[in-house]
Amino acid sequence: MADEIALGEVWLVGAGPGDPDLLTRKAERLIRAASIVFYDALVGPGVLDLIPPHVRRLAVGKRSGRHSKDQGSINDLLLAAAQDGERVVRLKGGDPSVFGRSAEEMAHLRAEGISVRICPGITAASAAAASAGVSLTLRGLSRRLQFVTAHARAGEALALDWSALADPGATLAVYMGREAARDVARQLMAKGMPAQTPVLIAANVSLPDERLLFTRLDLLHLGVTSIASGSPALLLVGEAVGAGDRSGAMARQHSEAVTQ
Ligand code: SAH
């Protein structure tokens, strides 16, 4: 099984939204084949439990507002491990190719002749839609998906194309959107998006403390205040979100809370 990763090779592996059952089989095999695993703050505890005890593990999590390694140090750590001949797994929350700074890590490693490969994962938008019992697209109504990050550098305004995002024929997934939620709603409504556009706030998706909150654009800022600031949260905006089996999702959420 160790042959899955060549000596000195790096795999960027999607860890999915948190629940280890939402890992791909390939991701699980790679985790077991690694000699060292670097992981983000968003990788679920159940996924980390799959790392064999003899395998070294290093947290390189980046969370806004918390002390963490900068990207340059992470790049250097990955490079050093590969050059030492380790079988390297770099576990990333969700899908490595979605707001995961994979390109920077790959460029750094490839510039030094290191082989880098990617194993995809379930991204938060897919997982949130699944938990909520909604479809991200809707025939004839929501024909476009837009994934954006609403994370702005300290003191800077969000540089997003609000006219394009305020498309009533699209579903908008806003990653890292909790802090900017009020601004997001205000900008979208200023560009003509109806105040009653359905919104789902999904926090800790697929984890035991998952929270799903259905609301509307003009009330979004109220909804996000009930989400703990340390929890990863995703916003889904658009008509498709309102067309789901809302009662089913609520009932599931309720029964999970009761059975814990
Ligand atoms: N590569 C990741 C995204 C990294 S950006 C992916 O594909 O999902 C981090 C953001 O992802 C968080 O701020 C949040 O908006 C979202 N996110 C990741 N995991 C989540 C989860 N379990 N529940 C809700 N949002 C999540």
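Is Tyr175 buried or exposed? Tyr175 is buried, at a relative accessible area of 10%. Buried here means under 20% relative accessible area, exposed means over 50%, and partly exposed is in between, with a 1.4 Å probe and protein chains only.

Before going on, a word on the source. This is a predicted model, in which local features need pLDDT of at least 70 and side-chain atom pairs count only at pLDDT 80 or more, while totals for chains, interfaces and linings use all residues. Residues are numbered from 1 along each chain as its sequence is written, and side-chain values use heavy atoms, with hydrogens and water left out.

Now the aromatic rings. Rings of Phe, Tyr and Trp (for Trp, its six-membered ring) pair if their centres lie within 6.5 Å; planes under 30 degrees apart count as stacked, over 60 as edge-to-face, and the rest as tilted. Searching the whole structure turns up 2 aromatic pairs. One is Phe99 with Tyr175, an edge-to-face pair with 5.1 Å between centres and 65 degrees between planes. This pair links distant parts of the chain, 76 residues apart: Phe99 sits in the loop between strand 4 (88–92) and helix 4 (102–111), and Tyr175 in strand 7 (residues 170–175). Helices (H or I, at least four residues) and strands (E, at least two) are DSSP runs, numbered from the N terminus. Phe99 is partly exposed, at 36% relative accessible area. Its phi is near 50 degrees, which is a positive value in a residue other than glycine.

Tyr175 also pairs with Phe147, and that pair is tilted, at 5.7 Å centre to centre and 45 degrees between the planes. Phe147 lies in strand 6 (residues 144–149) and Tyr175 in strand 7, so the pair ties together parts 28 residues apart in sequence. Phe147 counts as partly exposed because its relative accessibility is 31%. Phe99, Phe147 and Tyr175 form one aromatic cluster.

Next, the nonpolar cores. A nonpolar core is a set of buried Ala, Val, Leu, Ile, Met, Phe, Trp, Tyr and Cys residues joined through side-chain atoms within 4.5 Å. Which residues of the largest core touch the most other members? Among its 25 residues, they are Val184, Leu188, Leu217 and Leu220. At least two residues each come from helix 6 (162–165), strand 7, helix 7 (181–190), strand 8 (198–203), helix 8 (220–224) and strand 10 (233–237). Helix 7 gives the most, with 4 residues. Setting aside residues up to four places away in sequence, Val184 touches Ala150, Leu158, Trp162 and Val174; contact means heavy atoms within 4.5 Å. Another core lies apart from this one, with 21 residues, including Ile5, Val13, Ala15 and Leu23.

Now helix 3. An α-helix has 3.6 residues a turn, so residues three or four places apart point the same way.

What happens at the two ends of helix 3? At the start, a side-chain oxygen of Asp70 comes to within 3.1 Å of the backbone nitrogen of Gly72. Just after the helix, Gly85 has a positive phi of about 85 degrees.

Val60 is in the loop between strand 3 (56–59) and helix 3 (71–83), and at 1% relative accessibility Val60 counts as buried. Beyond its neighbours within four places in sequence, Val60 contacts Phe38, Tyr39, Asp40, Lys69, Ile74, Leu77 and Arg90. Val60 and Ile74 are 14 residues apart along the chain, with 6.7 Å between their C-alpha atoms.

Last, the loop between strand 8 and strand 9 (211–216), where Glu210 has its place. Glu210 is buried, at 13% relative accessible area. Ser206 is found in the loop between strand 8 and strand 9, and Ser206 counts as buried at 17%. That is where I stop.

Definitions and conventions: A polar contact is a pair of N or O atoms within 3.5 Å; within protein, one must be able to donate a hydrogen and the other to accept it, and residues adjacent in sequence count only if both atoms are side-chain atoms.
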